[in-house]
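Student: Can you walk me through this one? I'd like the helix, the side-chain pairs and the surface.

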Amino acid sequence: MTDAPARRERPPRPCPICKKMSLPQYHPFCSRRCADVDLSRWFSEVYAAPAEEKETDDEAPPPAPRDEPDA
Ligand SMILES: [Zn+2]
């Protein structure tokens, strides 16, 4: 009885971003791009930036009610 599945080599970890084979130089990602994607995801989580608030300056005043001539 053979109990050791020697046929299996350590499977390389797939890229967590796109699930492709990861490359040693980009470990654990498959490419620089995926590494960047992960990094930016991480950053956005860390900073958890709230929804962009629209800064209203005096540049765009609200539309004033139009004075209609009372005829
Ligand atoms: Zn990838």
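Tutor: Here is a short tour of the model, topic by topic.

Tutor: This is a predicted model, where local features need pLDDT of at least 70, side-chain atom pairs count only at pLDDT 80 or more, and totals for chains, interfaces and linings use all residues. Residues are numbered from 1 along each chain as its sequence is written, and side-chain values use heavy atoms, with hydrogens and water left out.

Student: What span should helix α1 have, and how far apart are its end C-alpha atoms?

Tutor: Helix α1 covers residues 32–47, which is 16 residues. (Helices are DSSP runs of H or I, at least four residues, and strands are runs of E, at least two, numbered from the N terminus; the expected span is 1.5 Å times one less than the number of residues.)

Student: What follows α1?

Tutor: Ala 48, with a positive phi near 35°.

Student: How many salt bridges are there?

Tutor: The structure holds 1. Asp 36 and Arg 32 form it, at 3.9 Å, N to O. (The cut-off is a side-chain nitrogen of Lys or Arg within 4 Å of a carboxyl oxygen of Asp or Glu.)

Student: Why are Asp 36 and Arg 32 about one helical turn apart?

Tutor: Because they are 4 residues apart in helix α1. Arg 32 is exposed at 54% relative accessible area, while Asp 36 is partly exposed at 38%. (Buried is under 20%, exposed over 50%, partly exposed in between, with a 1.4 Å probe and protein chains only.)

Student: New topic. Which residues form the aromatic pair, and is it stacked or edge-to-face?

Tutor: The structure holds 1 aromatic pair. Trp 42 and Phe 43 form it, edge-to-face, with 5.4 Å between centres and 75° between planes. (Rings of Phe, Tyr and Trp, the last by its six-membered ring, pair with centres within 6.5 Å; planes under 30 degrees apart are stacked, over 60 edge-to-face, the rest tilted.) Trp 42 is exposed at 52%; Phe 43 is partly exposed at 36%.

Student: And Cys 15, buried or exposed?

Tutor: Buried, at 0% relative accessibility. Cys 15 sits in the segment before α1.

Student: What does Cys 15 contact, beyond neighbours within four places in sequence?

Tutor: Lys 20, Ser 22, Pro 28, Phe 29, Cys 30 and Cys 34. (Contact means heavy atoms within 4.5 Å.)
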